[in-house]
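This report describes a two-part assembly for a reader who works with computed models. Please consult the sequence and coordinates shown below alongside the text.

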Amino acid sequence: MAEKEEEVCFKKETVSKLLCSFFKEDKTRLGSDATLLMREMLKVFVQEAALRSLKQAEAEDCNQVEIEHFEKILPQLLLDF
Amino acid sequence: MYRYFLLTKKETRQRLKAAVHYTVGRLCQKIEEEHRREFSRQTIAAIAETTFRECDIFAKDLEAFARHAKRSTVSAEDVKLLARRSRALSNHIQNKSEELAQEQRESRKKSTVKRKSRETEEESRE
């Protein structure tokens with residue numbers, strides 16, 4: 001039997017609690033479909049942050065991805081999201 | 001003896017941060033394996049912290065979009081608005097939204113079929 005590759009993502013409950021904790025008003029709720037879409041959004045955000053940092057490290061010929069690499073790509077990352 | 005099961009606001013925040021950090025770590029690990037380059041612990045922590053803070057911005061925006069549409073529940077449409085700044089991101093989220101809607105339709109069909117076959121079974125027994 002072929003092993004199914006486990007897809008890493010945020011737990012639905014985590015996304016929901018996380019976003020709800022930042023709402024200003026008590027009455028604001030997060031729909032189920034919105035939660036699932038935000039889960040994807042966050043996953044993409046993290047992947048972009050990581051991949052761009054990695055590409056920066058590669059461009060600078062560094063073996064490890066350091067915080068300086070992340071800092072360099074951060075401005076554009078925030079502008080894109 | 002009365003025990004408090006409610007977490008303080010600070011504890012909840014800490015737990016959420018930890019949960020984010022955990023998943024960020026795993027996502028970075030996958031990228032490490034694919035690209036054969038390691039992230040320093042500091043970098044992973046920084047990505048996690050940034051993601052956590054970005055959620056604050058996302059949540060406030062989503063809340064504002066919903067309120068603007070005179071709703072109190074944030075919808076998929078609000079999330080799509082959130083992704084408007086980059087064409088690639090916007091397309092990706094749109095596609096995901098359609099994918100999820102498709103999955104929902106299919107799972108509803110399945111449960112309808114299940115229910116109908118059960119009803120037919122019960123009928124034939126009588």
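## Fold of chain A

Which pattern does chain A follow, read along the sequence? The pattern is α-β-α-β-α, made up of 3 helices and 2 strands. Helices (H or I, at least four residues) and strands (E, at least two) are DSSP runs numbered from the N terminus.

The model is a predicted one, in which local features need pLDDT of at least 70 and side-chain atom pairs count only at pLDDT 80 or more, while totals for chains, interfaces and linings use all residues. Residues are numbered from 1 along each chain as its sequence is written, chains are lettered from A and ligands numbered from 1 in the order in which they are written, and side-chain values use heavy atoms, with hydrogens and water left out.

The radius of gyration of chain A is 17 Å, whereas a compact globule of 81 residues would have a value near 12 Å. This radius is taken over C-alpha atoms, and the globule rule is 2.2 Å times the number of residues to the power 0.38. Along the principal axes, the C-alpha atoms of chain A fill a box of roughly 50 × 45 × 15 Å.

## Fold of chain B

Chain B has 4 helices and 2 strands, and its pattern along the sequence is α-β-α-β-α-α. The C-alpha atoms of chain B fill a box of roughly 70 × 60 × 45 Å, taken along the principal axes.

## Extent of the interface

In chain A, 52 residues are in contact (heavy atoms within 4.5 Å) with 48 residues of chain B. The area buried between the two chains is about 4800 Å², and carbon and sulfur atoms give 73% of this. Buried area is the accessible area (1.4 Å probe) that two parts lose on being put together, summed over both. In chain A, the residues that lose the most area to chain B are A:Val8, A:Phe22 and A:Leu37, together 15% of what that side buries.

## Polar and charged pairs

Across the interface there are 14 residue pairs in polar contact, both residues at pLDDT 80 or more. A polar contact is a pair of N or O atoms within 3.5 Å; within protein, one must be able to donate a hydrogen and the other to accept it, and residues adjacent in sequence count only if both atoms are side-chain atoms. Helix 2 of chain A gives the most to the side of chain A that touches chain B, with 21 residues. The residues of that side divide into 30 nonpolar, 8 polar and 14 charged. Here Ala, Val, Leu, Ile, Met, Phe, Trp, Tyr, Cys and Pro count as nonpolar, Asp, Glu, Lys and Arg as charged, and the others, Gly among them, as polar.

The structure holds 16 salt bridges over all chains, and the count between chain A and chain B is 3. A salt bridge is a side-chain nitrogen of Lys or Arg within 4 Å of a carboxyl oxygen of Asp or Glu. B:Arg67 forms one with A:Glu25, the closest N and O atoms being 3.7 Å apart.
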